[in-house]
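Let's take a friendly walk through this protein together. Have the sequence and the 3D view ready, and follow along one region at a time.

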Amino acid sequence: MLLLCITGLPLIFHEQIDDLLHSQVKPADVPPGTPPANLDRLLGNALAQAPGKVPHFLIWDRDDPSAMFVSVGPTIDADPTNNLLIRMDTHTGVYLDAPDVTGRFTYIMLKLHTDMFAGLPGKLFLGLMGILFCVAIISGIVVYAPSMRKLRFGAYRAQRTRVVRWLDVHNLAGILLVAWTLVVGFTGVINTWADLVLKMWQFGQLAEMTAQYKDRPVPSKLTSLNAAVEVATHAVPGMTPSFVAFPGTLFSSKSHYAVFLHGDTPLTSRLLKPALIDAETGKLTDTRDMPWYVTTLFVSQPLHFGDYGGMPLKIVWALLDILTIFILVTGVYLWVRRRKAGVSQERAIANAASIDNPALSS
């Protein structure tokens, strides 16, 4: 938990840290209301920078509307986690750069925080730690409540020993952070199940949406990407494209563009709705709201990092994270002191017994 809190702290400000530590090509300054570039032309310019690679995803940059990414890999069924991200100008469609994020400080912190560089086993292990953390919080409330019957709330016994004083501070900080630690702990557990949730959606709703096309061959020529996004946008009014999955990728079928759209409020901007566009005819074949388990995952992600209320909420999240680190450190200190005290008491009893019965010392 100490590892998770320490690595989670810089992730709260990952955009600001990346801007400070890494330079990038800025998109062109354009007048307000300038229409975006044609996506087919933008995609062609991106692929020209990566000969021999195929597109997996087209992603709009959430933090910078003037930029977007094209994720490309060696083959359509290659692992997308190893893809090259090509950054493009949204309005002019020209190439900006292709940053290698794997060496960045924030990327290392993210991997330590999500799976400790151990993949799915690491995520499931951290999920188990999150569950135990929630259990510890609840058991802490159970232990704290009876002890406070004899003391006023927030009591600090300054005249007692150092261990007792640390215990009072630890208990007060812990009980004040109960709600926040439970929320962050529980949402963190949900986030560790992201891969499993994705598999459930793939074999559930996505398979149902594409069942009638499962035996259909891969189109020899794909229809216009720009037209597919326009069809999806018109089919789901009031929502904005977030990313496009190309035919044959994890988030689509062999014969569909999957256009994922989001809303424009702090909550709905995190919820995605897929629209499947036939990659051969360019027609909409299906669009549905995500099932509840995927929606739960989408809501838990920004809540876990405080990433839905701007900089003020980020600062609050950081302060609460620092206070949680303090609670963890003082908890370890109190546990070690209790262990030492227990060993000392056992030794004293053993010494007294050996004096009373010399046979025990022989």
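Helix α5, which spans residues 119-147, gives the largest share of a nonpolar patch, with six residues. This is a predicted model, so keep in mind that every value here is computed from it. The patch lies on the surface and is formed by L120, L124, L128, I131, L132, V135, W193 and L196. Together these residues have about 670 Å² of accessible area. Pick out L196, which you will find in helix α8, residues 194-209.

The side chains of D195 and K123 meet in a salt bridge, with 3.1 Å from N to O. Because D195 lies in helix α8 and K123 in helix α5, this pair ties together parts that are 72 residues apart in sequence. The two partners can be looked at in turn: D195 is partly exposed, with a relative accessible area of 30%, whereas K123 is buried, at 17%.

How many salt bridges does the structure hold? There are 10. One of them joins the side chains of K314 and E15, at 3.5 Å from N to O. K314 lies in helix α11 (residues 310-356) and E15 in helix α2, so this pair ties together parts that are 299 residues apart in sequence. K314 and E15 are both buried. Helix α2, residues 14-21, also holds D18. D18 is buried, with a relative accessible area of 17%, and it touches R104 and T106, if we leave out residues up to four places away in sequence.

Another salt bridge brings together the side chains of R288 and D286, at 3.0 Å from N to O. R288 counts as partly exposed, at 27% relative accessibility, while D286 counts as buried, at 17%. E208 joins these two residues in a network of salt bridges.

Now turn to the strands. Strand β1 (residues 54-60) pairs with β2 in the antiparallel sense, over six bridges. A hairpin of six residues joins β1 to β2. To see the pairing for yourself, find P55, which stands opposite V72 in β2. Strand β1 also pairs with β5 (residues 240-245), again in the antiparallel sense, over three bridges. Here I59 stands opposite F243 in β5.

Finally, look inside. The largest nonpolar core has 24 residues. Which of them have the most contacts inside it? They are L58, V70, I86, M88, L225, V244 and Y257. Several elements each supply at least two residues of this core: α3 (39-48), β2 (67-73), β3 (84-89), α9 (225-235), β6 (256-262) and β7 (272-278). Apart from this core lies another one, of 18 residues, including A194, W201, A245 and L297.

Leaving out residues up to four places away in sequence, V70 touches L42, L43, A46, F57, L58, L84, L85, I86 and M88.

Notes:
Residues numbered from 1 in each chain as written. Predicted model: local features only at pLDDT ≥ 70, side-chain atom pairs only at ≥ 80, totals over all residues. Heavy atoms only, no water. Core = buried A, V, L, I, M, F, W, Y, C linked by side-chain atoms within 4.5 Å. Buried < 20%, exposed > 50% of the residue type's maximum accessible area, 1.4 Å probe, protein only. Helix = DSSP H or I, 4+ residues; strand = E, 2+ residues; numbered from the N terminus. Contact = heavy atoms within 4.5 Å. Patch = residues over 30% accessible without salt bridge, like charges linked within 9 Å, V, L, I, M, F, W, Y side chains within 5 Å. Areas by Shrake-Rupley, 256 points an atom, 1.4 Å probe, with all protein chains shown as cover. Salt bridge = Lys/Arg side-chain N within 4 Å of Asp/Glu carboxyl O. Pairing = 2+ DSSP bridges.
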